Amino acid sequence: MTPTERIKRSILNGTVSHAYIFEGSRLSGREDAALSFLRALSGRMDLANDPDFYEVRAEQGKGRTVKSIKDQDMEELQARLAMKPQGDRNLALIRDADTMTVRAQNRFLKTLEEPQKGTVIILLSENTENLLETIRSRCVIYRFYDGNKSDTVSFDDMNDLLETVIRRGSFHEIRQAVSKEIRNREDAMCFLDLLENKLRNIMVGEETDAGYMNRQSAIEAIELTEQTARDIRGNAVPTYAVKALALKIQENSKW
């Protein structure tokens, strides 16, 4: 299931999160997906005329230089998002999120932790490694690939693997599930996205049946998942990396 299909599913199911990171190059379709998502939530095709929509981007410097998103930019965004929306939601798009200063990211963290009800924020990023782990852990991450590559397995199949890992299936079960569902890098990254979303829900208490993992274990598992994503981007073998992650989560988890 592609990121766009998963976004549509979240809208239909009423499971829209308050913060997202759309990661990918400028040719990956991440921007079009973000704008389509925000238009669907706004009900307006022209977001510029939506009083509840706010956009932040890095200022263009001389020549090809791009200035970073500064503290003041985030202060203005936070002030807007703290206001009660005229409609149902406050909506925000942060372009060039990779260029936020560390100070600006730390300032923004409070908004991610305590958003106004109904708020939806999308950060466009070329590389999430440029964002603080505290930012990443509070956002749903969708990864977009150049050439509109599609995820090669179904959402339900991935869900079976997800439950096997989270609920501490045996090593034999995990090995079988990984071998069946993870066939390439895109499969692995899709699975890691789903796993992070599940772990984040456990972390914030949105999972009603999460007796199989506590909050601290979920936080640690998110860090392990992010490291696995880095390893796979660094050419680690996807199936081995996901199997190793599953074992580490089991070793570190407390129930």
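Is Arg200 buried or exposed? At 6% relative accessibility, Arg200 counts as buried, where buried means under 20% relative accessible area, exposed over 50% and partly exposed in between, with a 1.4 Å probe and protein chains only. This is a predicted model, in which local features need pLDDT of at least 70 and side-chain atom pairs count only at pLDDT 80 or more, while totals for chains, interfaces and linings use all residues. Residues are numbered from 1 along each chain as its sequence is written, and side-chain values use heavy atoms, with hydrogens and water left out.

**Overview and confidence**

- The chain holds 10 helices and five strands; these are DSSP runs numbered from the N terminus, with helices (H or I) of at least four residues and strands (E) of at least two.
- Of its 255 residues, 49% count as buried.
- The accessible surface comes to about 12,700 Å², and carbon and sulfur atoms supply 46% of that; the areas come from the Shrake-Rupley method with a 1.4 Å probe, and for residues only the protein chains shown count as cover.
- Among contacts (heavy atoms within 4.5 Å) with a separation of 6 or more, 79% are between residues 24 or more positions apart.
- Average pLDDT, the predictor's confidence in each residue from 0 to 100, is 82 for the chain, and 88% of the residues score at least 70.
- Please take care with residues 148-155, where pLDDT stays under 50 and the model has 20 contacts beyond four places in sequence.
- Where pLDDT is low, the predicted coordinates should not be read in detail.

**The sheet**

- Five strands make an open sheet with parallel pairing, in the order S2-S3-S4-S1-S5; two strands pair if DSSP finds at least two bridges between them.
- Strand S2 (53-56) and strand S5 (140-143) are the edge strands, and each has a single partner, so one side of each has no neighbour in the sheet.
- From one strand to the next, the twist averages 15 degrees, with axes fitted as lines to C-alpha atoms (for helices over the stretch in contact) and angles between N-to-C directions running from 0 to 180 degrees.
- Strand S1 (residues 19-23) runs parallel to strand S4 (residues 120-125), and five bridges join them.
- Across that pairing, Ile21 stands opposite Leu123, and Phe22 stands opposite Leu124.
- S3 and S4 also pair in the parallel sense, over four bridges; here Ala92 has Ile121 of S4 as its bridge partner.
- S4 is mostly covered, with six of its six residues buried.
- Val120, Ile122 and Leu124 point one way from S4, while Ile121, Leu123 and Ser125 point the other way.
- Helix H2 (residues 30-42) lies across S1, S2, strand S3 (91-94) and S4, and runs at about 170 degrees to S4.

**Salt bridges**

- The whole structure has 16 salt bridges, each a side-chain nitrogen of Lys or Arg within 4 Å of a carboxyl oxygen of Asp or Glu.
- Asp96 and Arg26 meet in one of them, at 3.1 Å from N to O.
- Asp96 sits in the loop between S3 and helix H4 (102-113) and Arg26 in the loop between S1 and H2, so this pair ties together parts 70 residues apart in sequence.
- Asp96 is buried, at a relative accessible area of 17%, whereas Arg26 is exposed, at 58%.
- Glu55 forms a salt bridge with Arg95, and their closest N and O atoms are 2.2 Å apart.
- That pair links strand S2, which holds Glu55, to the loop between S3 and H4, which holds Arg95, 40 residues apart.
- Glu55 counts as partly exposed at 30% relative accessibility, while Arg95 is buried at 11%.
- Glu31, Glu55, Arg57 and Arg95 are linked in a network of salt bridges.
- Glu129 and Arg230 meet in a salt bridge of 3.1 Å, N to O.
- Glu129 lies in the loop between S4 and helix H5 (133-136) and Arg230 in helix H9 (residues 215-233), so the pair ties together parts 101 residues apart in sequence.
- Glu129 is partly exposed at 28% relative accessibility, and Arg230 is partly exposed with a relative accessible area of 28%.

**Back to Arg200**

- Arg200 lies in helix H8 (residues 185-203).
- Leaving aside neighbours within four places in sequence, Arg200 is in contact with Arg136, Ser137, Arg138, Cys139, Val140 and Ile222.
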